[in-house]
Amino acid sequence: MSIVAKRCGVKFIPPSIILIYENKNTSKMRKRVIPVRNFSQYSDCSRAAERLKHHVRHSMYLESVSLAQLERLHLILRDHLKGLSLEESLAARRVSAPNDEDLNKLSDDELNRRKAQMDELFECNRKHKEDPDFVYDLEVKFPENSVRETCSWDEEQSDEEF
């Protein structure tokens, strides 16, 4: 049976993952409610998402859903169990600009999540040798009259201080 996931969502009461999928054999759209069992506000979302994706009953339906998507849905469920509203949870999950926050102040889990997001963005923007617009050893000339930012290490200092 060939199944392609179209949309994913969460249901808070009871905690469930909602999957809208298309059966390619019959061309029918269907909805599947997948209950999330044994999940609390202290649960590990990545482990729960992995367990759900490889579950015997649901693996066929969740084949085309990425593990990162399932992890985000579990994070929203966990935030709801902690008392956060849906809007607050979604606002916390949005990718912010790199200069907006201090990554040194994040927890290890949150830091690993941000690094994974940055890696994903890098892979999307990366030019491969097989790409039609790939140029080896690209040189860019910047205009002479452009505004240059200065840094403290750009200033002339002697090495005697060290």
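In this predicted model, the second largest pocket is lined by P35, V36, R37, N38, F39, A48, R51, L52, H55, R57, H58 and H74. Its volume is about 270 Å³. By class, the lining of the second largest pocket has 5 nonpolar, 4 polar and 3 charged residues. Helix α1 contributes the most to this lining, with 3 residues.

The largest pocket holds about 510 Å³ of space. A total of 22 residues line the largest pocket. Nearest its centre lie E71, L75, R113, A116 and Q117. The lining of the largest pocket comprises 10 charged, 8 nonpolar and 4 polar residues.

The strands form an open sheet of 3 strands. Their order is β1-β2-β3, and the pairing is antiparallel. In general, strands of a sheet pair through backbone hydrogen bonds. Strands β1 (3–11) and β3 (28–35) each have a single partner strand, so they stand at the edges, with one side of each left without a neighbour in the sheet. From one strand to the next, the twist averages 20°.

Strand β1 is joined to β2 (residues 16–23) by 8 bridges. The two strands run antiparallel. Within this pair, K11 stands opposite S16 in β2. Helix α2 packs on the sheet and touches both β1 and β2. The direction of α2 makes about 15° with that of β1.

Technical notes: Residues are numbered from 1 along each chain as its sequence is written. This is a predicted model: local features need pLDDT of at least 70, side-chain atom pairs count only at pLDDT 80 or more; totals for chains, interfaces and linings use all residues. Side-chain values use heavy atoms; hydrogens and water are left out. On a 1 Å grid over the protein atoms alone, a cavity is a set of points where a 1.4 Å probe fits but cannot get out, and a pocket is an open set with protein on both sides within 12 Å along at least five of seven lines; lining residues have an atom within 4 Å of a point. Grid points are joined across faces, edges and corners, and a volume is the space filled by probe spheres set on the points. Ala, Val, Leu, Ile, Met, Phe, Trp, Tyr, Cys and Pro count as nonpolar, Asp, Glu, Lys and Arg as charged, and the others, Gly among them, as polar. Helices (H or I, at least four residues) and strands (E, at least two) are DSSP runs, numbered from the N terminus. Two strands pair if DSSP finds at least two bridges between them. Axes are lines fitted to C-alpha atoms, for helices over the stretch in contact, and angles run from 0 to 180 degrees between N-to-C directions. Contact means heavy atoms within 4.5 Å.
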